[in-house]
Amino acid sequence: MTDERLKQVSTLRRAMIRPELGAICGTILVFVFFFMIAGDSGMFSPEGIQNWGVVSAQFAIIAVGACLLMIAGEFDLSVGSMIGFAGVVIAILSVHMGWPVWLSIIAAFVVCVALGALNGFLVIKTGLPSFIVTLAFLYILRGLTIWLSVMTTRQTIIGGVKEAAIGDPLAFLFGGVIFKDLFQWFADMGWIDAFTRGSRIGQPVVEGVPMLVVWALALVIFGHWLLTKTRFGNWIFASGGDAQAARYVGVPVNRVKILMFMFTAFCATVFATCQVMEFGSAAADRGLLKEFEAIICVVIGGALLTGGYGSVIGAALGALIFGVVQQGLFFAGAESSLFRVFLGTILILAVIMNTYIRRMITGER
Amino acid sequence: MKKTLTAIAAAAIAFAGLTGTASAEGEKFVLISHAPDSDSWWNTIKNAIKIAGDQMDVTVDYRNPSTGDLADMARIVEQTAATNPDGIIVTIADFNVLKGPIMDAVDRGIPVITINSGTVEQSVELGALMHVGQPEYDAGFGAGKRAAAAGAKSFVCVNHYITNPASVERCRGFADALGVELGSQMIDSGMDPSEVKNKVAAYLKTHKDVDAILTLGPNSAHPTLAAVRDAGLAGEIMFGTFDLSGEIADAIKKGEINFAIDQQPYLQGYLPVVILTNYARYGVLPSGNINSGPGFITKDNIALVEKYAGEFR
């Protein structure tokens with residue numbers, strides 16, 4: 001009897017058991033659909049691509065963290081509240097307390113990653129489901145955010161960050177735009193449109209690549225590398241698949257899970273910082289429902305809610321689908337509230353498809 | 001275990017000290033709004049009830065459904081009435097949902113003043129003493145008249161709180177003033193600024209004929225302004241918004257936003273407390289309702305209000 005680990009597996013079968021297969025099919029279908037109904041609306045012009053690309057990138061940033069954590073067998077429902085909290089911390093420290101923006105950003109990262117560690121620590125030490133612990137933190141952080149902003153500024157929208165960030169070295173890293181000269185050259189060559197009226201006449205309609213997109217790509221690449229090319233990636237799968245068995249073979253399950261909670265908090269803080277730098281303000285209601293949107297991206301991407309199975313590339317494609325659908329309906333001229341219906345339908349179809357493919361391949365009942 | 005319980009009790013007492021209500025002894029009033037915890041616009045009203053409470057030597061609690069769910073708001077009205085306060089100040093966010101609980105409070109003999117959302121007619125039907133607020137349809141209509149006078153024919157209304165009927169009334173009033181049917185011009189934008197910005201950008205790209213924008217508050221105005229700037233249309237397109245913030249004030253000064261509709265929320269918080277206090281103590285009451293707005297803030301009068309934008313204005 002041959003060892004199943006040595007058994008030859010066909011390329012087709014190997015492709016079929018990839019978690020992201022459903023997301024790849026979904027992405028193709030969504031793009032084909034929108035090419036058909038909104039192809040001539042400007043959705044696939046450089047300006048249109050930037051439009052849904054930025055929204056997708058935003059989802060991708062939090063989806064990477066949520067994906068790795070879900071593969072490790074845990075949930076973080078406090079992601080949305082963490083986004084609001086991180087933004088308000090940056091704004092209060094930089095605008096209200098006069099700290100340099102770079103220091104405010106670092107402080108926000110330190111505080112939020114520490115809160116992520118606390119989330120993980122409580123899950124491990126209490127043995128409570130992460131669903132419950134992070135649900136509690138969803139409320140704690142949202143309440144703290146509102147209380148902090150009202151107590152310090154008597155407002156829940158704190159502006160003035162853009163002015164404070166002028167010339168700041170870290171601000172550009174989160175709110176800047178790269179390849180400006182290249183895009184100006186594209187406009188000069190007539191390859192992309194330039195403004196023909198208004199205050200920006202002669203400038204390209206797409207200024208460059210926002211750092212938000214760069215962060216999304218960097219996190220997706222890092223997450224994929226970590227999960228598929230490192231021993232730590234194997235530990236993540238093992239911790240989510242069967243934590244007890246993983247412990248028996250020496251996997252530091254507790255450490256893996258706490259680090260994944262910290263990474264999820266890190267991703268939420270990246271999201272918040274990019275948003276604060278783009279809009280120049282923080283608000284206590286930022287990040288509402290983002291935890292669910294992150295989970296939707298991950299599930300569309302083929303991950304199991306029970307852990308031990310999933311893909312960062314799949315989650316990134318889930319984020320792409322989410323962004324394209326949400327913005328595509330605007331380009332298509334559909335009633336704007338319908339995107340929720342569309343998204344819910346895609347979620348159900350993606351899960352059914354992913355489950356069906358997995359059962360077909362693995363022979364599960 | 002005993003030590004732990006003592007520590008928890010001490011922490012709870014300390015926290016209660018941090019989160020006290022608006023004032024001292026005397027009458028107790030409760031203001032119940034429909035707004036979720038995070039809605040920045042309500043700060044002004046919270047500040048107003050604190051100041052009114054201090055001045056009148058009364059206690060004023062602020063209560064709201066944390067997520068903005070109007071069914072939860074109805075429960076809050078019921079719970080508040082059960083505590084028999086000296087008066088209730090409440091928004092009529094949805095007449096049908098709140099009708100029963102508010103009328104029950106009135107039937108208990110609790111004086112009620114309605115504020116903000118809803119109409120004078122609804123307030124009368126509920127048995128409230130009076131209504132302090134801005135007629136939402138009229139405010140939208142007034143904004144639409146200004147846009148029409150500037151030559152606007154096609155518009156987009158950016159609605160970040162589409163589940164609140166009053167928000168739709170604002171958009172409908174604007175549409176009626178322009179003489180167009182309200183349909184897909186009202187965007188369900190959500191509250192996330194990046195999404196609001198990109199939805200508006202997509203709409204402007206696919207509807208080149210849009211020559212007027214109406215936003216319903218800072219949550220939609222700030223990202224919409226960013227989208228308009230990115231599209232190179234700042235100062236070129238007619239832009240009106242409800243409510244005020246520091247950023248909106250700056251944009252008005254620069255000519256990027258033509259006007260802000262100010263319903264003077266400070267008055268919606270302050271006046272009911274003063275009126276209820278005098279009613280409880282001396283039985284005196286103004287005879288009519290109070291329209292706190294709409295007032296239009298433009299480049300001409302912005303200097304007067306920007307100092308207090310987002311705090312008292």
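**Ground rules**

I'm working from a predicted model, where local features need pLDDT of at least 70 and side-chain atom pairs count only at pLDDT 80 or more, while totals for chains, interfaces and linings use all residues. Residues are numbered from 1 along each chain as its sequence is written, chains are lettered from A and ligands numbered from 1 in the order in which they are written, and side-chain values use heavy atoms, with hydrogens and water left out.

**Entry: helix H15 of chain A**

How many of its residues are buried? I get 18 of the 20, so the rest of the structure largely encloses H15(A). Buried here means under 20% relative accessible area, exposed means over 50%, and partly exposed is in between (1.4 Å probe, protein chains only).

Then I looked at the ends. At the start of H15(A), a side-chain oxygen of A:Ser311 comes to within 3.2 Å of the backbone nitrogen of A:Ile313. Just after the helix, A:Gly333 has a positive phi of about 80 degrees.

**Entry: a greasy patch on chain A**

I found a nonpolar surface patch of about 550 Å², made by A:Ile24, A:Ile28, A:Val32, A:Phe33, A:Met36 and A:Ile37. Patch rules: residues with over 30% relative accessible area and no salt bridge, with like charges joined within 9 Å and nonpolar side chains (Val, Leu, Ile, Met, Phe, Trp, Tyr) within 5 Å. Areas are Shrake-Rupley with a 1.4 Å probe, and for residues only the protein chains shown count as cover. I picked out A:Ile28, which sits in helix H2 (residues 21-38) of chain A and is exposed at 52% relative accessible area.

**Entry: the sheet in chain B**

Six strands of chain B make an open sheet, in the order S2-S1-S3-S4-S5-S11, with parallel pairing. The edges are S2 (59-63) and S11 (290-291) of chain B, each pairing on one side only. Two strands count as paired if DSSP finds at least two bridges between them. I zoomed in on S3 (residues 87-91) and S4 (residues 112-116) of chain B, which run parallel and are joined by four bridges. B:Thr91 stands opposite B:Ile115 in S4(B).

**Entry: salt bridges**

Which side chain does B:Lys197 meet in a salt bridge? It is that of A:Glu278, at 2.6 Å, N to O. B:Lys197 lies in helix H8 (residues 193-206) of chain B and A:Glu278 in helix H13 (residues 253-279) of chain A, so this pair joins two chains. B:Lys197 is buried at 12% relative accessibility, whereas A:Glu278 is partly exposed at 23%.

Next I took B:Glu125 and B:Lys99, whose closest N and O atoms are 3.5 Å apart. B:Glu125 is in helix H5 (residues 120-126) and B:Lys99 in helix H4 (residues 95-107) of chain B, so the pair ties together parts 26 residues apart in sequence. B:Glu125 is partly exposed at 43%.

B:Glu256 and B:Arg229 also meet in a salt bridge, at 2.6 Å, N to O. These two are 27 residues apart: B:Glu256 is in the loop between helix H10 (246-254) and strand S10 (259-262), B:Arg229 in helix H9 (residues 218-230), both of chain B. I also noted a network in which salt bridges with shared partners join A:Lys290, A:Glu293, B:Asp192 and B:Glu195.

Most residues other than glycine have a negative phi, and most peptide bonds are trans. I went after exceptions.

The peptide bond from B:Gly293 to B:Pro294 is cis, with omega near 5 degrees. B:Pro294 is in the loop between S11 and strand S12 (295-297) of chain B.

A:Phe179 has a positive phi, near 65 degrees, and sits in the loop between strand S2 (177-178) and helix H9 (180-188) of chain A.

B:Asn84 is not a glycine either, yet its phi is positive at about 50 degrees. It is partly exposed at 48% relative accessibility.

Note on methods
A polar contact is a pair of N or O atoms within 3.5 Å; within protein, one must be able to donate a hydrogen and the other to accept it, and residues adjacent in sequence count only if both atoms are side-chain atoms. A salt bridge is a side-chain nitrogen of Lys or Arg within 4 Å of a carboxyl oxygen of Asp or Glu.
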